[in-house]
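User: I would like a close look at one part of this model, namely a pair of packed helices. Please keep the reading careful and connected.

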Amino acid sequence: MKKNIRNSIIYYPVYCLLAMTLLACNKQLDINDNPARLTKEQVSLAGLLAATIEYTDSTFFNVGQYGNYYPQYFAGSAGQEANIDSYNPYGFDNIWRSAYLNAMPNLKELIERSEAQGASQYAGIGKLLMALNLMQATDIWGDLPYSEAFQGAANLSPRYDPQEQIYMVHLKGLLDGAIADLQKPLPESATLRVGTSDHIYKGAIANWLKAAYATRARYYLHLTEKDASNYQNAANDAALAFDDKTGALDLQLRYTTDRPSPWFTFLGNTVQASKHARPSTYFINLLNGTFYPGLPDPRISKFVDNAGAATYVGRPVGSLGNENGANLANTDITANTYYGARTAVVPIITYSEVQFIRAEALLNSNRGEAYTAYRNGIEGSLLKLGVTEPALSNYLNDPRIAVGAANLTLSNIMLQKYIALFMQMETWTDLRRHEYSTSIYPGFAPPFRNLLGSGFVQRAKYADNEPGRNINVPRIPDQAQKIWLFTN
């Protein structure tokens with residue numbers, strides 16, 4: 001497929017033409033070049049960076065598009081989407097395509113070409129974005145093609161690397177390598193320096209380094225069930241990450257009027273009857289004064305729109321039609337909300353998340369620092385969404401939020417992280433890390449209609465077309481089976 005390049009922006013491919021061309025495993029592909037992969041003749045390092053940033057942001061939107069039913073940010077409203085929130089088997093085909101056909105093969109190209117030319121900062125950004133894509137993908141599926149992937153016709157059936165190997169070898173190498181590359185001196189040649197084709201930080205390498213530390217802090221936190229010493233590793237890296245409470249340094253792509261946010265296209269710009277998803281009862285009740293009686297969250301009108309109703313009511317998960325009070329729901333993601341706006345951002349990793357990582361990591365070793373990070377995470381979320389005084393201080397200083405260092409609990413931290421990371425799939429990883437504990441997430445329950453039979457969904461099934469194209473696809477009985485990361 002051809003790429004249209006204009007003003008260093010690489011536009012998304014037309015996916016209907018690519019439905020039969022999954023790079024990692026497509027047995028039907030009989031040409032040497034991946035049609036979604038940019039060649040040296042087509043684009044420079046600068047143009048390739050622009051493309052990979054946009055492809056990466058697209059994978060983070062794509063996984064949230066339907067995956068947000070699993071952490072119960074969304075509840076289904078009709079058709080297929082309602083079945084997903086009832087744990088109908090779902091394969092995340094959209095992220096498989098965007099990650100394996102677009103983002104990761106082009107990132108491999110960026111890394112290899114940057115290293116060959118001595119463009120260390122390009123290589124560092126490439127390794128960071130590759131790590132973000134790979135970590136998100138393995139957190140969803142577990143075992144994945146990586147070490148033998150991205151070879152085109154040379155290997156149409158790559159083996160699936162065990163998730164343990166992905167985490168302990170590949171992700172560690174990518175993240176350590178990214179930090180090392182981003183710390184190297186700038187190349188003498190201006191053409192090898194990152195510039196305005198960097199649609200996130202405009203060539204500010206110090207900010208990319210902060211994002212790399214933030215991502216490695218996330219990585220270490222994921223591994224704490226395997227080795228508790230990773231709590232300190234996570235806290236150390238979090239201290240070197242974003243330091244702007246407003247979210248100005250967050251790793252995220254902001255969209256424009258001409259190129260609107262995919263959340264705007266998917267939910268914000270659709271009429272209520274056509275909504276693919278609605279905010280869930282669980283999420284709304286954390287904000288509307290139900291969970292904290294008499295303390296409505298000032299972020300609620302930023303996150304969701306209730307068309308001026310007196311109350312905010314979410315939709316119960318796993319309900320079809322109007323059962324279980326689903327017809328009473330009155331909240332939606334619209335163009336008037338923070339993430340539904342035409343020019344909204346799609347976050348990849350944020351200041352607030354990093355602060356909550358640090359709070360969790362230090363809870364049992366340095367409660368004072370943990371409490372400071374907890375409050376920073378909440379304040380950062382409030383500021384990012386545009387909450388102003390006195391609402392900001394009233395919420396932050398309410399005794400149910402300002403619990404004090406001695407009384408701080410893991411539940412305090414994780415509930416506030418849950419709110420702050422609205423529509424970000426990292427929350428699903430948190431829920432699975434903590435085994436969907438109701439002592440940490442009070443009131444969190446399986447969907448009303450649970451097609452798994454009982455319990456919670458633990459993984460995605462592999463993309464629907466993948467088993468017919470690669471004999472190496474693992475055989476998974478159902479989505480209740482835990483991935484390696486969450487097994488003790």
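At what angle do helix 5 and helix 6 pack, and how far apart are their axes?

Analyst: In this predicted model, helix 5, which covers residues 163–182, packs on helix 6, which covers residues 205–222, at an angle of about 160°, and their axes lie 9 Å apart. Since angles over 145 degrees count as roughly antiparallel, the two helices are therefore roughly antiparallel to each other. As for the sense of the crossing, helix 5 passes helix 6 in a left-handed manner. On the side of helix 5 the contact is made by Tyr167, Met168, Leu171, Lys172, Leu175, Asp176, Ile179 and Leu182, while helix 6 contributes Ile205, Trp208, Leu209, Ala212, Tyr213, Thr215, Arg216, Tyr219, Tyr220 and His222. By residue class, the contact of helix 5 with helix 6 divides into 13 nonpolar, 2 polar and 3 charged residues.

For a second pair to set beside this one, helix 11 (residues 351–362) and helix 14 (residues 410–420) pack at an angle of about 170°, with axes 10 Å apart, which makes helix 11 roughly antiparallel to helix 14. Helix 11 passes helix 14 in a left-handed crossing, and the residues of their contact divide into 7 nonpolar, 2 polar and 3 charged.

On confidence, the protein averages a pLDDT of 90, with 90% of the residues scoring at least 70. Over residues 1–32, however, the pLDDT is below 50, although this stretch has 86 contacts in the model beyond near neighbours in sequence. Where pLDDT is low, the predicted coordinates should not be read in detail.

Note on methods. Residues numbered from 1 in each chain as written. Predicted model: local features only at pLDDT ≥ 70, side-chain atom pairs only at ≥ 80, totals over all residues. Heavy atoms only, no water. Axes fitted to C-alpha atoms, helices over the stretch in contact; angles between N-to-C directions. Helix = DSSP H or I, 4+ residues; strand = E, 2+ residues; numbered from the N terminus. Parallel < 35°, antiparallel > 145°, perpendicular 65-115°, else oblique. Left-handed = near helix turned anticlockwise from the far one by under 90°. Contact = heavy atoms within 4.5 Å. Nonpolar A, V, L, I, M, F, W, Y, C, P; charged D, E, K, R; others polar. pLDDT = per-residue confidence, 0-100.
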